[in-house]
Amino acid sequence: MAEGLQITKIQQSPEIIVLGPPSVFRTHGKEFSSRFRALRPWESPLPLAQFLAAQAQNTQAALCSGTFSLSAAVLDNLPSLRLVVTTSAGVNHIDLSECRRRGIAVANAATIFSADVADLAVGLLLDVLRKISAGNRYVKNGFWPKQGAYPLGFKLGGKQVGIVGLGSIGLEVAKRLEAFGCAISYYSRNKKPSVSYVFYPDLRKLAATSDILVVCCALTEQTHHMIDREVLLALGKEGVIVNIARGAVVDEKELVACLQQGEIGGAGLDVFENEPHVPKELFEHDNVVLSPHFGVFTEESFGDLYELMCGNLEAFFSNKPLLSLVSEE
């Protein structure tokens with residue numbers, strides 16, 4: 001009897017299609033499955049389009065990873081879809097205009113990850129300036145007894161820091177770097193009246209007056225390759241760039257060229273244009289610190305993300321307002 005009740009409960013659980021799948025689904029899959037009936041196309045031998053045509057014609061909600069391209073072609077195979085919940089803050093992987101045309105609401109991770117990403121930005125910056133990873137290799141490779149003291153690094157305090165994109169992550173970065181005694185200025189679509197930081201409407205001028213650029217903006221058609229050769233040259237031979245936004249905001253080929261030619265002083269990169277593929281030229285430089293796009297990967301944030309994703313899905317199936325609806329701006 002209990003088994004029959006359990007089967008009825010599962011059958012009545014709201015159905016969602018999981019696309020990606022998101023990392024949070026891998027870590028919290030059992031919990032998701034206790035609240036929703038999750039369709040898992042990656043476990044099927046069928047190509048995605050065939051799976052969707054066979055299994056998801058009546059599915060109204062999707063849980064989508066930040067790396068899954070939710071295009072018009074995919075949406076064509078989900079005719080009943082009314083909600084997309086993405087596990088990322090960025091939404092450049094989703095065809096938003098097509099979703100709006102079809103009446104599909106989109107919810108994202110909002111500011112769940114802002115603090116963790118800002119922490120990593122500061123960590124990458126400190127690593128580049130103080131040569132932490134390079135020093136670690138120096139010790140582990142046995143060079144210290146043979147070659148003596150390691151070359152000098154640079155202090156962070158007192159540096160002029162330019163933040164590209166003063167949204168929730170940019171503000172968290174600014175708050176942390178202020179505590180180090182850095183002077184903050186920023187470039188953004190609009191001047192922020194709520195902050196006292198110096199605003200530069202011209203990105204090249206911001207770079208020219210900064211020791212460090214921290215890239216925090218969303219990837220859009222307007223911001224694609226916004227950090228180009230001219231911006232990098234304006235940053236200068238001792239300048240450092242940190243990118244925790246999206247890889248394609250920076251012209252990666254020009255960044256590699258500038259590093260190889262000594263046109264900038266260093267880089268801390270968590271994101272790349274063609275992930276998970278990274279230009280091998282970046283491996284050659286001790287003044288370049290790389291991480292595998294894991295700025296959001298903390299136990300605490302994934303727990304919070306799981307609750308937010310479930311909250312959005314449950315709000316949708318209960319006809320309540322979404323918790324983190326992406327606006328139509």
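Contact here means heavy atoms within 4.5 Å. The legends below describe a predicted model.

View 1. The domain assignment divides the protein into domain 1, made of residues 2-112 + 299-317, and domain 2, made of residues 114-290. Six residues of domain 1 are in contact with five residues of domain 2. Between them, the two domains bury about 470 Å², of which 36% is on carbon and sulfur atoms. On the side of domain 1, the residues that lose the most area to domain 2 are Asn92, Thr111 and Ser301, which together account for 70% of what that side buries. The C-alpha centres of domain 1 and domain 2 are 34 Å apart.

**View 2. The crossing of helices α2 and α13.** Helix α2 spans residues 23-35 and helix α13 spans residues 299-317. Their axes come within 10 Å of each other and cross at roughly 45 degrees. Because of this angle, α2 is oblique to α13. The crossing of the two helices is right-handed.

**View 3. Residues that meet between α2 and α13.** From α2, the residues taking part are Ser23, Val24, Thr27, His28, Glu31, Phe32 and Arg35. Their counterparts in α13 are Phe302, Gly303, Leu305, Tyr306, Glu307, Met309, Cys310 and Glu314. Sorted by class, the contact of α2 with α13 comprises seven nonpolar, four polar and four charged residues.

View 4. Gly20 and Pro21 are joined by a cis peptide bond, with omega at about -10 degrees. Pro21 belongs to the loop between β1, residues 15-19, and α2. Helix α2 is the helix whose axis crosses that of α13 at roughly 45 degrees.

View 5. Pro276 is placed in the loop between strands β11 (266-269) and β12 (288-290).

**View 6. The backbone at His293.** Although His293 is not a glycine, this residue has a positive phi of about 45 degrees. His293 is located in the loop between β12 and α13. In the domain assignment, domain 2 is given as 114-290, whereas residues 299-317 are listed with domain 1.

Key. Residues are numbered from 1 along each chain as its sequence is written. This is a predicted model: local features need pLDDT of at least 70, side-chain atom pairs count only at pLDDT 80 or more; totals for chains, interfaces and linings use all residues. Side-chain values use heavy atoms; hydrogens and water are left out. Axes are lines fitted to C-alpha atoms, for helices over the stretch in contact, and angles run from 0 to 180 degrees between N-to-C directions. Helices (H or I, at least four residues) and strands (E, at least two) are DSSP runs, numbered from the N terminus. Angles under 35 degrees count as roughly parallel, over 145 as roughly antiparallel, 65 to 115 as roughly perpendicular and the rest as oblique. A crossing is left-handed if the near helix is turned anticlockwise from the far one by less than a right angle, and right-handed if clockwise. Ala, Val, Leu, Ile, Met, Phe, Trp, Tyr, Cys and Pro count as nonpolar, Asp, Glu, Lys and Arg as charged, and the others, Gly among them, as polar. Domain bounds come from an automatic or database domain assignment. Buried area is the accessible area (1.4 Å probe) that two parts lose on being put together, summed over both.
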